[in-house]
Every structure is written in structure tokens, then in C-alpha cells.
Amino acid sequence: MGLPALVGRPLDERTTTRLVGGGFASAFLAAVLALGLLLARHFNPTVVHLGTWFHVGHHAATIELVADALSIPYVCFSTGLCVLINAFAGKYLHREPGFTRFFVLLALFGTGMNLLVLAGSIDVLFAGWEFVGISSALLIGFFQDRATAAVAALRAFITYRICDAALLVAGVVMHSVSGSGDFERAFSGNWPHATCLLDPTVATVIALLLVFAALGKSGQVPFSGWLPRAMEGPTPSSAIFYGALSIHAGAYLLLRCEAILEAAPVAAWLLVAIGTGTALHASLVGSVQSDLKSMLAYASMTQAGIILAEIGLGLRVVPLIHVVSHAILRSLQILRSPSALHDRHELAAALGGNPTPASRSFVRLLPEPARAFLYRVALERGYEEMAVDRLVIQPVLAVLETAARMERGFVAWLAGQGQRRRGGARR
Amino acid sequence: MNAAAGQLAALGVAVTVPAIGAVLARVGPLAPVARIVGIVSGVVSALAALVLVAMWQAHDGSPTAWGDSLAGGSLVFIDGLTAMAVPYVALVFLAITVAAPRRTLDSESVPRLLAGSAGTIALMGTAHPVALVILWVVTALPTWSGTRSAQGGGPAARVYALAMAAATAFLAVGVVLLVRDPPWQPGSGPVGNVGGWLVAIAVMMRKGIVPFHSWYPALYSGGAFGAALAATMPHIAAATAIRLLVGHAGGVSAELVFLAQAALVTTAYAAALAVVQRDLRGLVGTLALSQSSLVLAGLAGTLPTELCGALAVWISSGLSLTGMGLVAWSIESRAGPVSLETLQGRAADAPTLSGFFLLFGLASLGVPGTLSFVADDLIVSGSLDDRLHAGLLVIAGTVFAGIAVLRGWVRVFGGPAPAHRPPHPILPRERLVFTSLMVVLLVLGLWPGPLVHSLEQIAGSLVAQRGSDTPLPAGNDHPHR
């Protein structure tokens with residue numbers, strides 16, 4: 001789809017949706033078939049070696065997929081959801097400029113998600129992880145003419161990029177210590193009862209890096225600032241990315257590498273602390289949001305935090321069920337959000353009154369000054385973004401700006417211009 | 001005709017056709033159609049380069065040497081590096097010639113471009129120390145001249161001239177000392193070692209390694225875009241370092257290790273600077289500086305993985321940044337200088353250019369499915385295995401570069417577009433060049449096996465030469481003379 005668009009002959013809408021929908025449907029059917037086969041084998045995992053992508057000396061990037069009790073049910077769920085979102089988006093974005101772009105990115109996301117879920121090596125997982133991140137950021141900025149969308153896309157991408165570096169380092173460390181990125185070299189046994197084969201210190205380092213990577217993708221404190229802004233994207237992509245699949249990619253990563261996490265209690269407890277803290281933070285901040293999509297974003301963040309805390313506590317099947325149920329509910333809510341007022345009016349008319357009575361929050365039990373304080377904190381989004389901006393972003397930018405200014409001054413001096421002069425020849 | 005003679009003939013065509021084209025485009029009846037002369041010369045040169053690769057691969061892969069020899073370096077020397085670099089250089093120059101704005105390709109600029117192409121290809125096919133010095137001058141002159149003749153390009157030309165003159169002087173003195181007292185021979189004294197260090201400083205200057213990097217952003221900001229791309233993308237200094245420094249000692253020479261460390265710092269520093277650039281030219285310039293340094297950073301690696309990664313970065317970063325620079329030039333030629341300080345909203349009037357800019361940007365960042373993913377994977381793995389801090393600097397560089405690319409894309413193409421701005425559709429020749437470059441990057445990224453295998457052979461030979469006491473060029477030792 002991308003190449004015809006690049007050479008100036010984009011496919012029409014119907015062909016585009018059918019191509020992407022056909023791809024997702026095929027993937028879904030294949031996943032269901034694989035699930036049937038896996039059930040027949042009593043969930044005995046199968047590792048599929050698709051060959052070596054490239055290799056130099058002892059370093060080999062292998063393409064290895066794994067079909068086990070974690071990956072196959074998850075890929076059934078993710079591809080099924082992609083089929084539904086594709087059908088919804090075909091109607092929702094009809095005649096929208098950038099229609100082809102949306103579906104190219106959706107297909108890229110679907111490919112990335114399947115690679116991530118089915119990966120049997122950290123190389124393949126990283127490739128899928130990158131696809132998910134890039135398509136996510138580009139879809140946040142889908143409406144290119146909106147300044148807020150452009151800025152939100154950039155913020156999401158920066159967060160991803162920083163956290164992805166941790167996954168890259170984790171992969172390289174894994175290569176370095178086990179000679180390969182294959183998961184079977186790092187842990188053995190069937191999910192969820194795998195045993196870590198790595199040295200405890202190495203396992204702790206890798207687990208901390210994986211937790212760091214997961215925090216960014218799942219919008220956890222202190223990397224949560226991008227998530228509410230991500231709702232600038234089209235509703236179908238918001239639903240599948242931040243209600244369903246992308247936000248749980250971090251949880252999936254940690255579930256896949258649960259054996260490493262289990263061998264690293266420091267990382268596990270850190271995860272519990274951050275997950276719980278994020279859940280409290282997002283729950284508080286979400287309660288004062290004045291628009292529906294922001295509320296849903298914080299609700300997603302809350303649940304993602306709880307899921308990560310569950311993983312940190314050593315649970316395996318519970319977080320998986322939590323992921324699936326939360327993803328289905330949240331994506332439905334986001335897909336319905338553009339029609340929320342209409343729905344509410346219909347419901348109120350049918351019930352003859354307010355369909356959603358005011359919630360009874362524990363905050364009501366607090367004294368007035370404490371409530372006012374919490375309200376202020378919630379309105380300022382827990383001062384999280386402000387702290388990140390002041391403590392990290394602004395100092396880094398100040399240093400870089402100073403360096404750039406000195407560079408320009410030096411070049412001007414070399415050029416015999418004395419003072420800094422911007423611009424120059426244009427030919 | 002035997003294989004060695006065929007390789008020599010192909011290299012000869014790849015060098016002489018652009019050189020003749022330069023003369024024809026400057027004087028005589030073909031001067032009015034200089035652009036056509038440039039394109040035809042570029043196509044013939046690129047085809048000859050491909051023939052050279054095919055013949056080298058069909059051969060047993062051993063180097064071919066011909067002509068006069070000095071300190072082990074032959075006048076014409078065709079090895080794996082030549083087979084990789086010559087088609088790459090020919091492709092880059094052809095892409096620039098075809099995609100450049102038509103008004104910039106006249107009977108003055110085309111000869112400069114062709115002369116630069118001929119000189120650069122010749123440099124990739126020699127290991128003779130004196131020839132290298134002469135070709136440094138030959139390849140620097142067209143860039144200097146093109147920058148100087150650009151409107152307001154005087155200051156940039158001055159900075160470039162200062163850097164190149166100093167670099168060439170260091171190289172010349174270093175080569176004289178190396179030849180007088182070859183450090184790779186038993187019983188050599190300190191003179192040769194001093195020569196090696198002078199060559200290393202020359203390479204740093206020519207490559208724009210910190211602290212000698214100032215000419216890089218100056219050239220991009222103040223000169224002609226085409227001249228800047230043509231000067232920086234071929235990695236002349238990296239080729240020189242391989243010819244003169246690799247194999248200098250019975251391991252990795254101290255100069256090369258120092259060069260690699262400085263290049264690593266440059267990679268991260270330039271990528272960080274790219275994040276705060278105020279205009280599009282500055283962004284492309286700093287990204288080019290960062291990525292090109294990565295090539296040199298990998299050359300001191302002791303593992304084939306790292307060396308192979310460096311060579312892969314050579315190709316991937318060169319092609320993707322050439323594409324990105326050409327897209328930026330296309331936008332600038334239509335809309336004037338592009339600021340990055342606010343959102344410019346150019347996606348509305350140049351949607352296809354927006355797509356290509358993003359694709360080339362992503363292709364330079366190690367995105368899976370493109371050649372840069374393979375290159376980054378190899379260089380990061382190799383450097384982390386070899387030296388932990390090196391790998392971490394490379395990763396820091398890729399993080400900053402990624403942020404810079406997306407910031408640039410968002411600032412140029414994102415945001416509301418002013419009303420009544422005219423559309424800027426992509427031209428067919430631009431689409432042809434950009435699509436071709438993108439297809440090359442994607443095909444090599446999705447099926448990297450054959451390329452990586454060839455690069456592994458080259459890297460393996462470099463590592464092997466380090467282990468021996470012979471200098472790298474070793475033109476005298478081979479039977480095809």
C-alpha cells in the first residue's frame with residue numbers, strides 16, 4: 001500500500017480496507033488454528049526457527065517465533081481486535097485526507113504487534129516493539145494540521161525512544177552473556193513456570209532494563225505525560241493503541257520475560273511500587289478530567305499500573321486475564337466516545353433520569369483542606385510533567401542550546417564574521 | 001581479458017567518464033546541456049561501478065594491484081573496500097545530479113560535481129600514499145569552489161578551506177614521515193609513529209571529528225546543498241584511515257583507537273546538537289556529522305561484528321542521509337529556508353515530500369526493515385562486546401538522532417498551514433530518485449544476507465591484516481600485479 005502511494009498511485013479506500021482487513025483476518029484465522037493445535041498438544045510450546053536473518057561471526061540475528069500458552073491466545077486476541085478496528089476505521093475515516101496513511105500505519109502496527117507477541121528472541125521482539133512505537137507516534141500526529149497533535153506525537157516518540165534504548169541494551173546484554181538473543185538461552189521451561197538460566201546479577205540488570213522499557217510503553221510514572229496527549233489521534237487508533245494493545249505491550253514484555261523478573265526481586269518490587277504509584281496517580285488525576293478521552297486515558301493508565309503491579313507480585317495468569325478484559329472494555333469505551341453524549345441522552349430518556357449517579361469517592365471522607373490540596377494536585381496532573389520538564393528536559397535543552405550557541409559563535413569567528421550571524425547562502 | 005584486467009577497466013571507466021563529462025559540460029558545444037551530460041556520465045559511471053562489483057565477486061575476492069607502489073600502497077588497488085565504496089559513491093553522485101533543482105545544475109556546477117565524483121571514485125581505488133594526498137586536494141577543490149560561488153557562501157568557503165588546507169597539510173607531512181620510517185617494519189623509530197598520529201589528525205579534520213567539526217555545519221548552513229552532500233557522504237576520510245592506519249601495528253593501532261574514541265563522542269555530541277537545530281540545513285548537517293562519525297567509530301573495533309557494522313553504517317547512513325538531504329533541498333528550492341523554531345505546516349502543500357523525509361529519517365535511525373537496523377545491530381553488538389562505553393555512546397547517539405529526526409519532521413511538516421500557500425508537488429525525477437534510494441535501503445534491510453556476507457569478508461580481511469606485520473595496502477604482495 002505504501003509503495004503505490006509513494007509512486008503517486010495510492011489505492012482506493014475499498015481496496016485499502018480489504019487488503020488490511022484480509023491480512024488481519026488471515027492472521028486471526030491462522031492464530032485460531034494454532035490455538036487449536038496448541039490445545040491438542042496440551043499447551044506444549046513449539047519454537048519455530050524461520051532461519052537466520054543475518055549473521056557475522058558468532059553474532060546472529062535469528063528469526064524465531066514461539067507458540068505457547070502466552071503467545072497464541074494473545075495473538076488471537078490482538079489480531080481479532082485488529083480485524084474489528086479495521087472494519088470500524090474504514091467507515092470512520094471515509095474520505096479523510098490521509099486515509100491510506102492510516103491503514104499503512106495500522107498494518108505496520110499489526111505486524112509489529114504480532115512480531116512482538118510471537119517473538120522467540122529479543123531481536124524479533126525489539127523489531128516488533130519498534131514498529132509498534134513508530135506507528136503509535138505517527139498516528140498520534142495523524143491530523144498533521146493540528147499543532148497539538150504534532151506536539152503530542154513528538155512527546156510520545158521521545159518517551160518511546162528513551163525507553164526503547166533500555167530494551168536495546170537489554171537485548172545486547174542478553175546476546176553478550178548467552179551468545180544469542182533467543183529466549184530459550186535465557187530461560188527454560190514452559191510459560192508460566194519458566195526458570196531463569198542467567199546469573200542473578202545479570203538477570204537483575206536485564207530485568208531493570210526491561211522494566212524501564214515497559215514503563216515508557218505502558219505510560220507509567222514518570223513517563224506518563226504522553227498518554228493523555230495521545231488521544232489527539234483518530235479514535236480507532238486511540239482505541240487499539242491506548243485502550244487495548246500498545247499500552248499493554250510493556251505488560252506483555254514482562255510476562256514473556258517473567259522468569260528473568262522472578263530472578264530479580266529488586267526489579268520486581270520496583271515494578272510493584274511504580275505500578276501502584278501510577279495507579280493511584282492516574283486514578284486521582286483522571287477524576288478531574290473534563291473531557292471523555294482524557295478520562296479514558298487515565299483510566300487505561302490506572303489499569304496498566306495495576307497490571308504491572310500484579311506482574312511484579314509474581315502473578316502470571318491473573319494479569320493476562322486482566323489485560324484481555326481491560327483491553328476489550330477500554331477499546332469499546334474509546335470507540336463509543338465520539339457518540340457518548342448521544343448515548344447518554346438515549347440512556348437517560350430510556351431510564352427516565354440520570355444514568356450514572358455520582359460516584360462515592362473516598363475523597364469525600366477527607367477534610368476540606370486535604371480535598372482542596374488533592375484537587376489542585378490532580379488538576380496539575382500530579383506535578384509529574386512539571387517535575388520532568390524542570391528536572392530533566394529543561395536542563396538538558398539548556399546545555400544543548402548553550403553548546404549550539406558556542407558552536408555558531410566559533411564558526412562565525414572562523415568565517416571572519418566576528419559576531420554570530422545566522423542564515424547564509426541559499427542555492 | 002582476465003578478471004584483474006576487467007576490474008581495472010571497469011574502475012577506469014568509472015573514473016574517466018565523469019572526468020571527461022566534467023570537461024564536456026564546462027567547455028564546448030555540450031555546455032548548454034550540462035545537466036544532461038552530468039546525468040549520462042553519472043549513469044555510465046554507476047554502471048561501470050556495478051560491473052566492477054560483479055567482477056570482483058566473480059573473482060576469488062583477492063585484491064588487485066597495479067601501477068607504481070610506495071610503502072606497500074599501489075597506485076590502483078581494488079579490494080573489498082573498493083568494490084563496496086565505488087558503486088556507493090557513484091550512486092550518491094548520480095542521485096544528487098538527477099534530483100538536484102534544475103537551476104542549480106549549470107555549466108559551472110555540473111563540472112564541479114563530476115570532477116568531485118571522478119576524484120572520489122579514484123580515491124576509493126588507490127592505496128598509494130602520494131595519490132591519496134593529491135586526491136584529497138582534488139576532491140576538496142570542487143566543494144570549495146561550489147561553496148564560494150554560492151550566493152553569500154564566502155564565509156562557509158573560508159571555513160571549509162581552512163579545515164581542508166590544514167587537514168591536507170597534516171596528511172602530507174604524516175605520509176612523508178610514514179614513508180621515511182614505516183612503523184610496521186621491524187626496527188622503526190619514533191618518526192613513523194609521529195607520521196601515523198599526523199595522519200590520524202588529518203583524518204579527524206577531514207571527517208569533522210570533534211574538535212575539528214566546525215566546517216561541517218558551516219558547509220551545510222552556508223554553502224550549496226549539493227556541494228555539502230557530495231563532500232560529506234562518500235566518507236573519504238574513513239577510506240583514507242583504512243588505507244593508511246589499519247594494519248599499522250600488530251593489533252589495532254593507537255591512532256585508530258584514538259580516532260574511534262573521538263568519533264564515538266562526535267556521534268553522540270552531534271546527534272545531541274541536532275535536537276536543538278534552528279533550521280533544516282542545520283539538522284541535516286548535524287545528523288550527517290553524527291552518522292558519518294559512526295563509520296569511523298567502528299573501524300577500530302577488534303571484532304568483525306563491529307567492523308562489519310561500521311561498513312554497513314557507511315552505506316545505510318550515506319544513502320538515507322543523501323535521500324534526506326535531497327528532500328530537504330527540494331523543499332528549500334520551492335519554499336526558501338525552512339525554520340525549525342515553529343511548526344511550518346508543510347505537509348499540506350508537500351505531502352509526498354513529507355512522506356519521503358520521514359522515511360529517509362527513519363531509515364537512518366535503525367528502524368527494522370531498513371539497512372540501518374542491520375548496521376546498528378552489528379555496530380552496537382560489536383561495540384558493547386568490545387567496549388561497553390562505546391556501545392552506550394552509540395545508543396545515546398541513536399536516541400538523540402531519533403528525537404532530532406522526528407522533531408525536524410514535526411516542525412517542518414506539522415501544524416496548520418497558512419492559507420493560500422501554493423502546492424509543491426514532487427517532480428517525477430525526484431520521485432524516481434527518492435523511491436530508488438528507499439527501495440535499495442528496504443531491500444538491503446529485508447534481505448541483508450548477501451551484503452552482510454560481503455561486508456564480513458572485507459571486515460575479516462581488515463582484522464587479519466591487523467594481526468600481521470604488513471601494512472594494509474600490501475599491493476606488492478598480490479599476484480595480479
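Predicted model: local features only at pLDDT ≥ 70, side-chain atom pairs only at ≥ 80, totals over all residues.
**Helix packing, a salt bridge and cis prolines**

Student: Which residues of H2(A) and H4(A) meet?

Tutor: From H2(A) come A:Glu13, A:Thr16, A:Thr17, A:Val20, A:Phe24 and A:Ala27, and they meet A:Phe99, A:Phe103, A:Leu106, A:Ala107, A:Gly110 and A:Asn114 in H4(A). Sorted by class, the residues of this contact of H2(A) with H4(A) are seven nonpolar, four polar and one charged.

Student: What makes H5(A) and H10(A) oblique to each other?

Tutor: Helix H5 (residues 122–140) of chain A and helix H10 (residues 235–244) of chain A have axes that come within 11 Å and cross at roughly 140°. Only angles over 145 degrees count as roughly antiparallel, and 65 to 115 as roughly perpendicular, so H5(A) and H10(A) are left with the description oblique. H5(A) also passes H10(A) in a left-handed crossing. The contact is formed by A:Val132, A:Ser135, A:Ser136, A:Leu139 and A:Ile140 of H5(A) together with A:Ser237, A:Phe241 and A:Tyr242 of H10(A), and by class the contact of H5(A) with H10(A) has five nonpolar, three polar and no charged residues.

Student: What is the angle at which helix H4 and helix H10 of chain B pack?

Tutor: Helix H4 (residues 109–124) of chain B packs against helix H10 (residues 236–244) of chain B at an angle of about 25°, and their axes are 10 Å apart. This angle is under 35 degrees, which makes H4(B) roughly parallel to H10(B). The crossing of H4(B) past H10(B) is left-handed. B:Thr120, B:Leu123 and B:Met124 in H4(B) meet B:Ile236, B:Ala239, B:Thr240 and B:Arg243 in H10(B), and the residues of the contact of H4(B) with H10(B) divide into four nonpolar, two polar and one charged.

Student: How do you know that the side chains of A:Lys217 and A:Asp164 meet in a salt bridge?

Tutor: The distance from N to O for A:Lys217 and A:Asp164 is 4.0 Å, and the rule asks for a side-chain nitrogen of Lys or Arg within 4 Å of a carboxyl oxygen of Asp or Glu. A:Lys217 lies in helix H8 (residues 200–217) of chain A and A:Asp164 in helix H6 (residues 147–178) of chain A, so the pair ties together parts that are 53 residues apart in sequence. Over all chains, the structure holds 16 salt bridges.

Student: How many salt bridges does the rule find across the interface of chain A and chain B?

Tutor: Across that interface of chain A and chain B the rule finds zero.

Student: Where in chain A does A:Pro192 lie?

Tutor: A:Pro192 lies in the loop between strand E3 (187–188) and strand E4 (195–196) of chain A, and a cis peptide bond with omega of about 5° joins A:Trp191 to A:Pro192. Another cis peptide bond joins A:Val221 and A:Pro222, again with omega of about 5°, and A:Pro222 has its place in the loop between H8 and helix H9 (226–229) of chain A.

Student: What is phi of A:Arg95?

Tutor: Phi of A:Arg95 is near 65°, a positive value in a residue other than glycine, and A:Arg95 lies in the loop between helix H3 (71–92) and H4 of chain A.

Definitions and conventions:
Residues numbered from 1 in each chain as written. Chains lettered and ligands numbered in written order. Heavy atoms only, no water. Axes fitted to C-alpha atoms, helices over the stretch in contact; angles between N-to-C directions. Helix = DSSP H or I, 4+ residues; strand = E, 2+ residues; numbered from the N terminus. Left-handed = near helix turned anticlockwise from the far one by under 90°. Contact = heavy atoms within 4.5 Å. Nonpolar A, V, L, I, M, F, W, Y, C, P; charged D, E, K, R; others polar.
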